[in-house]
Amino acid sequence: QVQLLESGGGMVQPGSFTRLSCTASGKISKIMTMAWYRQAPGSQRELVAAITSDGNTNYADSVKGRFTISRNSPENTVFLQMNSLEASDTAVYYCHVGELRDVYIQTYWGQGIQVTVSS
């Protein structure tokens, strides 16, 4: 079983920045893709950014050029650097991790962390 511990976020002003972290712990075989999703009130959960074990990244169009996803693979940690924040970035952000187990991928979700962009 893998546990995900998220940190960062909180209330930030428009135009400012913050960083989210998520560390996987427990009995881990191999972490594959690590990602961040977000869900705003009244909206569906959406992919924000993802990074593979090879370091390939993928971003939602709405955050390209403002957010950067990175990972520290030996420590099973993923980061989301969020710059030039906008009110529309307000949401609960969820860490999502895929663990390779034999021939299938087991996925896990973090509990979510609130990011509120407001003056």
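In this predicted model, Glu99 has a relative accessibility of 1% and therefore counts as buried, the limit being under 20%. The side chain of Glu99 is paired with Arg101 in a salt bridge, in which the closest N and O atoms lie 2.8 Å apart. Arg101 is partly exposed, because its relative accessibility is 25%.

The structure holds 6 salt bridges. Several of these charged residues are joined to one another: Arg38, Glu46, Arg66, Glu86 and Asp89 are linked in a network of salt bridges. Arg66 and Asp89 are both buried; for Arg66 the relative accessible area is 12%. Arg66 also forms a salt bridge with Glu86, and here the closest N and O atoms are 3.8 Å apart. This pair likewise links distant parts of the chain, since Glu86 belongs to the loop between E8 and E9 and Arg66 to the loop between strand E6 (57-59) and E7, at a separation of 20 residues. Glu86 counts as partly exposed because its relative accessibility is 37%.

The loop between E8 and E9 also contains Ser84. The phi angle of Ser84 is near 45 degrees, a positive value in a residue that is not glycine. Most residues other than glycine have a negative phi. Ser84 is partly exposed, with a relative accessibility of 40%. A positive phi, of about 55 degrees, is found for Asp102 as well, and Asp102 is not a glycine either. Asp102 is located in the loop between E9 and strand E10 (104-109). With a relative accessible area of 74%, Asp102 is exposed.

The nonpolar residues were considered next. The largest nonpolar core contains 29 residues, of which Trp36, Leu80 and Tyr93 touch the most other members. Two or more residues of this core come from each of several strands, among them E1 (2-8), E3 (18-26), E4 (30-39), E7 (67-72), E8 and E9 (91-101). E9 provides the largest share, 4 residues. In soluble globular proteins, nonpolar side chains tend to be buried together. When neighbours within four places in sequence are left aside, the contacts of Leu80 include Trp36 and Tyr93, together with Leu20, Val48, Ala49, Phe67 and Ile69. Thr18, Arg19 and Thr68 are also in contact with Leu80.

Strand E8 (residues 77-82) also includes Thr77. Thr77 is buried, because its relative accessible area of 5% falls under the 20% limit. The side chain of Thr77 makes a polar contact of 2.9 Å with the side chain of Thr23. Beyond its neighbours within four places in sequence, Thr77 is in contact with Thr23 and with Cys22, Met34, Ser70, Arg71 and Asn72. Thr77 and Leu4 are 73 residues apart in sequence, and their C-alpha atoms are separated by 9.3 Å in space.

Conventions: Residues are numbered from 1 along each chain as its sequence is written. This is a predicted model: local features need pLDDT of at least 70, side-chain atom pairs count only at pLDDT 80 or more; totals for chains, interfaces and linings use all residues. Side-chain values use heavy atoms; hydrogens and water are left out. Buried means under 20% relative accessible area, exposed over 50%, partly exposed in between (1.4 Å probe, protein chains only). Contact means heavy atoms within 4.5 Å. A polar contact is a pair of N or O atoms within 3.5 Å; within protein, one must be able to donate a hydrogen and the other to accept it, and residues adjacent in sequence count only if both atoms are side-chain atoms. A nonpolar core is a set of buried Ala, Val, Leu, Ile, Met, Phe, Trp, Tyr and Cys residues joined through side-chain atoms within 4.5 Å. A salt bridge is a side-chain nitrogen of Lys or Arg within 4 Å of a carboxyl oxygen of Asp or Glu.
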